[in-house]
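Hi there,

Here is the structure I promised to pass on. My notes follow below it.

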Amino acid sequence: MATETHEGAEKGMELVFHPMDQFIVKPLFGEGAVGVFTVTNVTLWMALALLATIGLLVLGTSKRSTIPTRIQSVAELCYGFVRKMVEDVAGKDALPYFPYIMTLFIFIVFSNFLGLLPGAFTTTSHIAVTAVLAMLVFLTVTLMGFFKHGLGFLGVFWISSAPLPLRPILALIEVISYFVRPVSHSIRLAGNMMAGHAVIKVFAAFAPMILIGWIGVLVTPLSIIAITAIYALEVLVAFIQAYVFTILTCVYLKDALHPHH
Amino acid sequence: MEGDVVQMGAYIGAGLACTGMGGAAVGVGHVVGNFLSGALRNPSAAGGQTATMFIGIAFSEALGIFSFLVALLLMFAV
């Protein structure tokens with residue numbers, strides 16, 4: 001029995017892979033260590049996200065026809081969607097920050113969707129990438145709050161609607177939750193993307209079991225159906241996580257614009 | 001031998017940390033379920049509150065993500 005499974009593993013060896021292999025950052029050209037300026041697969045897929053953005057938002061809207069073409073109406077839909085979100089959640093006075101939020105949304109949505117292509121690298125599945133995005137949001141919001149309100153921005157921690165004895169305790173909790181924001185903000189996106197893609201790869205590792213033995217007759221169709229179902233879920237998650245990242249940016253922005261509860 | 005015990009503890013801890021994800025699942029289900037029951041009673045008001053629902057989901061999901069983070073730290077950083 002033991003030799004049988006061993007042989008099976010040998011036969012299927014070229015199909016066996018680790019589910020986390022897809023997240024390895026490799027140099028695009030040649031081998032060797034990854035330095036600061038090495039062109040890696042992350043660079044490639046970020047550049048593709050940038051090209052897709054240019055294709056949609058610059059080339060798509062360059063004609064500005066009254067009757068929009070298909071690409072132009074998609075671009076207008078994106079613009080209207082994000083603008084309405086900023087207006088609804090953060091208020092009218094947050095509209096000067098709309099370009100930044102639009103940039104975040106478009107970059108994340110394109111990185112997520114491009115990562116769903118078979119064999120692609122998901123840039124947003126790395127905490128390093130999402131942490132930069134989240135830290136920029138955190139720093140922008142904090143600095144902007146201090147510039148706008150001076151020390152009055154600290155009122156965001158002082159909940160004046162609560163009973164007075166409770167306020168110091170609440171202030172402590174608010175301070176902790178304020179500084180945890182960039183952590184949860186970045187890991188939410190990276191964790192969701194990483195977990196979904198790893199699950200797809202786990203089922204993909206079960207799919208070639210039909211080459212190993214009779215048990216594959218059962219396992220292979222089931223795992224292929226599971227891949228299809230999870231892939232559909234991932235398309236949804238890719239959009240929802242970009243939406244959630246953007247809407248939380250709007251919420252933080254609102255807190256900084258109106259720090260008094 | 002000592003290193004093995006530490007390693008074992010880290011792996012067991014990582015597995016235990018994953019139970020926190022169940023809590024996040026309960027929380028997210030609670031948010032969406034209550035949103036849905038409210039939305040079916042007053043469908044005209046539901047559209048404007050979808051963003052609020054997503055914010056609620058994101059906040060309750062954050063705590064499940066912290067358990068995932070703890071699991072990752074135990075697996076790769078301890």
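Which residues in α5(A) are buried? They are A:Val129, A:Thr130, A:Leu133, A:Ala134, A:Val137, A:Phe138, A:Val141 and A:Gly145. Buried here stands for 20 or more other C-beta atoms within 10 Å of a residue's own, with C-beta atoms placed from the backbone. An α-helix has 3.6 residues a turn, so residues three or four places apart point the same way. The cover over the buried residues of α5(A) includes α4 (98-115), α6 (167-206) and α7 (216-257) of chain A.

Before going on: this is a predicted model, where local features need pLDDT of at least 70 and side-chain atom pairs count only at pLDDT 80 or more, while totals for chains, interfaces and linings use all residues. Residues are numbered from 1 along each chain as its sequence is written, and chains are lettered from A and ligands numbered from 1 in the order in which they are written.

Helix α5 of chain A covers residues 127-149 and reaches 32 Å from its first C-alpha to its last, close to the expected 33 Å (1.5 Å times one less than its number of residues). Helices are DSSP runs of H or I with at least four residues, strands runs of E with at least two, numbered from the N terminus. Just after α5(A), A:Gly150 has a positive phi of about 65°.

Now to chain B, which has four helices and zero strands. Its C-alpha trace spans about 65 × 15 × 10 Å along the principal axes, and buried residues make up 10% of its 78 residues.

Happy browsing!

Conventions. Buried ≥ 20, exposed ≤ 12 C-beta atoms within 10 Å, placed from the backbone. Contact = placed C-beta atoms within 7 Å.
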